Amino acid sequence: MLLSSVVLVLREVLEAALLFSLLMALSKQLQISQRWVFSALIIGMLGAAICGFNVDRISELFDGVGQEVLNAGMQYGIFILLCGVGVVAILYARGFAMPAYLLPVLMAGSVIVALIREGSEIMIYLSGFLLGSEQWAAMLTGSAIGAGIGVSVGAVFYYALITLKPRRVAMVGLVLLVLIAAGMVLQATELLIQADWLPADFPLWDTSALLPEQSVTGQLLYALIGYEATPTALQLGAYLTAVFLITGAVFAATRWPHADPA
Amino acid sequence: MKYHLLERALLLLFGIMPLAFTAHAGPPEFELEIRDHLFIPDELRIPAGQKVKLVVYNRDSTPEEFESYELNREKVIMGNSKAIIFIGPLKPGEYPFFGEFNPTTALGKVIAE
């Protein structure tokens, strides 16, 4: 009981923590204020609570697939926000004049939506136990441990990023941004296939012999870049399209002619 | 010459059109129950190679999450509720699933044949 709480909460926290750490590292690198972090965390957790308590109503929407549609929508939303983060970060680094709040708002938005997405599942899990059970203490302890491990992994990730040489941080940071964003699109597409909004098909390949999704590395890669052992053609296409779109947007930002020769 | 071709084309068209109005049967439905943190039945046999609609009834009062790495599906089902999950098409084989909120007891597998 305790162990399954640890695993469950860890998995959810990990996904949000990795994105969070990446954006924090980018903020530090660009020397912009990291104060968006606090508001983002609070708003995100409030949003997760609201979502968690309304799951039954949400599930009924769209003919019984409201959960999938809303979660997919949030993940596509994060993708768009991360495209914005990439583009604005590049323009900011190149010295374009832009409102100081823009990048923090985009980053905060991404974290908030990610927290709602992951946090709501934890809330639902916890709500199952409030209905009076002896295992409550074990569940709470397990959840705290799981959250702690997830946050620690995020912290290690953050420090690994900021101790890289400045030039490297930009490259690594952007590559990770692209992969995390594409991972979101992959997961969202999978949800819509589950909801029968997108067509299902046989998978193209099966790499579970090489790297099972259930393994620790598999789970880490899933949380970070959306690793999938048995992707269908549609999922692969969505992933590649996402990579292409965000890479293209970021690349265009590096080439955008300077308006102010400041 | 042209007239004969047109005639043939129209005949072909009117021959095929009725097929377009043939009732399109939805995917086969299968039911799964969650009771006392167990999946009932714990082995679900479904036809391979086609999309299948799973209707999962959660008879417990607490929520459960139907999850499977092999099937790539995850969905929360609140207590005393049901959920619809589409799976497949699957190649013949066994595809385990579990209840993430109670992973030691809620275990099962889909057998596609």
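Tutor: We take a sheet, then a cavity. This is a predicted model, where local features need pLDDT of at least 70, side-chain atom pairs count only at pLDDT 80 or more, and totals for chains, interfaces and linings use all residues. Residues are numbered from 1 along each chain, chains are lettered from A in the order written, and side-chain values use heavy atoms.

Student: What makes β1 and β4 of chain B a pair?

Tutor: Two strands (DSSP runs of E, at least two residues) pair if DSSP finds at least two bridges between them. β1 (29-35) and β4 (52-58) of chain B have 6 bridges, in the parallel sense. Therefore they count as a pair. B:Glu33 stands opposite B:Tyr57 there.

Student: Why are β2 and β7 of chain B called edge strands?

Tutor: The open sheet runs β2-β1-β4-β7 in chain B, with mixed pairing. β2 (38-40) and β7 (81-87) each pair on one side only.

Student: Which residues line the largest cavity closest to its centre?

Tutor: Lining residues have an atom within 4 Å of a point. Of the 18, the closest to the centre are A:Gln67, A:Asn71, A:Arg117, A:Ser120 and A:Ile124. α4(A), a helix (DSSP H or I, at least four residues), gives the largest share, 5 residues.

Notes:
On a 1 Å grid over the protein atoms alone, a cavity is a set of points where a 1.4 Å probe fits but cannot get out, and a pocket is an open set with protein on both sides within 12 Å along at least five of seven lines; lining residues have an atom within 4 Å of a point.
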